[in-house]
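Dear colleague,

I am handing over the structure we spoke about, together with notes on what was found in it. Please look through the model first and then read on.

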Amino acid sequence: MGFTKRRCITTVFGIVIYVTDVGTDLWVAVQYFEDGRVAWCTLTLLFVLCGLACAQIFSYAWFCDDADSADQLSRRSAVVLHLLQLGIFIRYFQKRSLAGCCQGLFSTVLHRDLFAKATDLSMLRLFETFLESTPQLILQLYIILGHDHRSVIQYVCITGSFFNIAWSTVDYRRCFRRSLPDVSEMPWGLPTVVYLSYKLLTVSGRVLALSLLVVLHTYYVFALAFVWLLGVIWTYREETDFCTSKHLEKLYRAVVGVILIFTFFNIKGQNSKLQMLVYYVACATQNLLIPVMFFCLEPGAAKSDFFWPVAGVIFTSTILGLLLLCLFYKFLHRKTEAPVADEVDGLRNEGKKDLEAKRRMQAFLQH
């Protein structure tokens, strides 16, 4: 199967969602600044810059890994473009890129390279999403629920962030599976809809529960930091080997720690049934206990206009999300047909040209 125009369109659609999400966040920041809410404005911009900066760092590192490829930029040009936050976008317009596919240049484009580029793009978006959109959601929900500060653009921002999170995880899974030589791509239709719904519901319940925790008291942010630390410790225990640079590997593990706050992430490409079971049991328990804790510790919880609707959504989305998770992996999940390697080729001195392929072989989303 080749890199079809439908795959090209979905990849471009992903970048449109990415731009829209960042744009609405900046709009919210401007609104806060005009209202004199400097702290909220600063935090909103900080989350945006954190996600963008991380995506550019990984993008530039991958450009350096593939520096011997014929269609690569000079390092000076790459540095300038990444400093201008254009690293993701220039991947669409290289000689052997998605732009060529969308123009119908199938005879001059290697489909395997296109899938590798699309996988890189979806991975960069995944990193940016969980470093920017998910913290942004908690911040905006904290402002709405804890300070009763509401506006239309806030709801647009929240809706866009939720959809961006769900789409980026599904798009990465589809693109990543297709880039592997012995793994079937997740089919369109019911499997994609169920997987999208499972991710959207579980992440929504998780974000709402953590937002309610922060509304209870801002000091509970340290609880999120503790959960992040546990995720990072797990990545060190698993000895992830995704990057050729030790420093970049540390950043990768920190990013995975953030992702693990909100959703499961298979970082080793191995059978992860036990890890997934433990993770979702722990998350579901936390999600269901947080509203109970809020009710017990907040005297006016029962009379507030948001507690019961939010608690209801947390319970419903968590339970439905887990049911869809079981449904997907029981009936709709296509198994890996061959073992997937877990080493970085560059560490075995097999050459830089294999680095991009091996990143795809890092099957950390193969549950």
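The end C-alpha atoms of residues 306–329 lie 34 Å apart, and the span is 96% helix and 0% strand. Please keep in mind throughout that this is a predicted model.

**The overall fold**

The protein has 13 helices and 0 strands, and 54% of its 367 residues count as buried. Among the contacts in the protein with a separation of 6 or more, 75% are accounted for by residues 24 or more positions apart.

Which residues does Leu208 contact, leaving aside its neighbours within four places in sequence? They are Leu141, Val310, Val313 and Ile314. Leu208 is found in helix H8 (residues 190–216) and counts as buried because its relative accessible area is 12%, which is under the 20% cut-off. Leu208 and Ser317 are 109 residues apart in sequence, and yet 9.8 Å separates them in space, C-alpha to C-alpha.

Ser211 also lies in helix H8 and is buried, at 0% relative accessibility. The side chain of Ser211 reaches the backbone oxygen of Val207 at 2.7 Å, and, when residues up to four places away in sequence are not counted, Ser211 touches Leu137, Ile138 and Leu141. With residues up to four places away again not counted, Leu212 touches Ile290, Pro291, Phe294, Phe306, Phe307, Val310 and Ile314.

**The nonpolar core**

The largest nonpolar core has 82 residues, of which Phe58, Val207, Leu212, Tyr252, Phe262, Phe265 and Phe294 touch the most other members. Two or more residues of this core come from each of helix H1 (5–34), helix H2 (38–65), helix H6 (111–147), H7, H8, helix H10 (246–262), helix H11 (273–297) and H12. H6 gives the most to this core, with 15 residues.

Ser168 has its place in helix H7 (residues 152–179) and, at 0% relative accessibility, counts as buried. The side chain of Ser168 reaches the backbone oxygen of Ile165 at 3.0 Å. Residues up to four places away in sequence aside, Ser168 touches Arg125, Leu126 and Thr129.

**Cysteines**

How many disulfides does the count come to? The count comes to 0 disulfides. For Cys54, the closest cysteine sulfur is that of Cys50, and because the two sulfurs are 6.8 Å apart, they are too far for a bond. Cys54 counts as buried at 5% relative accessibility, and Cys157 likewise counts as buried, at 1% relative accessibility.

**Two loop residues with positive phi**

Finally, two residues in loops may be worth a look when you inspect the backbone. Asp148, placed in the loop between H6 and H7, has a phi near 55°, a positive value in a residue other than glycine. Asp148 is exposed, with a relative accessible area of 53%. Glu239 lies in the loop between helix H9 (221–238) and H10, and its phi is near 55°, again a positive value in a residue other than glycine. Glu239 is exposed, with a relative accessible area of 58%.

With best wishes

Note on methods:
Residues are numbered from 1 along each chain as its sequence is written. This is a predicted model: local features need pLDDT of at least 70, side-chain atom pairs count only at pLDDT 80 or more; totals for chains, interfaces and linings use all residues. Side-chain values use heavy atoms; hydrogens and water are left out. Helices (H or I, at least four residues) and strands (E, at least two) are DSSP runs, numbered from the N terminus. Buried means under 20% relative accessible area, exposed over 50%, partly exposed in between (1.4 Å probe, protein chains only). A polar contact is a pair of N or O atoms within 3.5 Å; within protein, one must be able to donate a hydrogen and the other to accept it, and residues adjacent in sequence count only if both atoms are side-chain atoms. Contact means heavy atoms within 4.5 Å. A nonpolar core is a set of buried Ala, Val, Leu, Ile, Met, Phe, Trp, Tyr and Cys residues joined through side-chain atoms within 4.5 Å. A disulfide is a pair of cysteine sulfur atoms within 2.5 Å.
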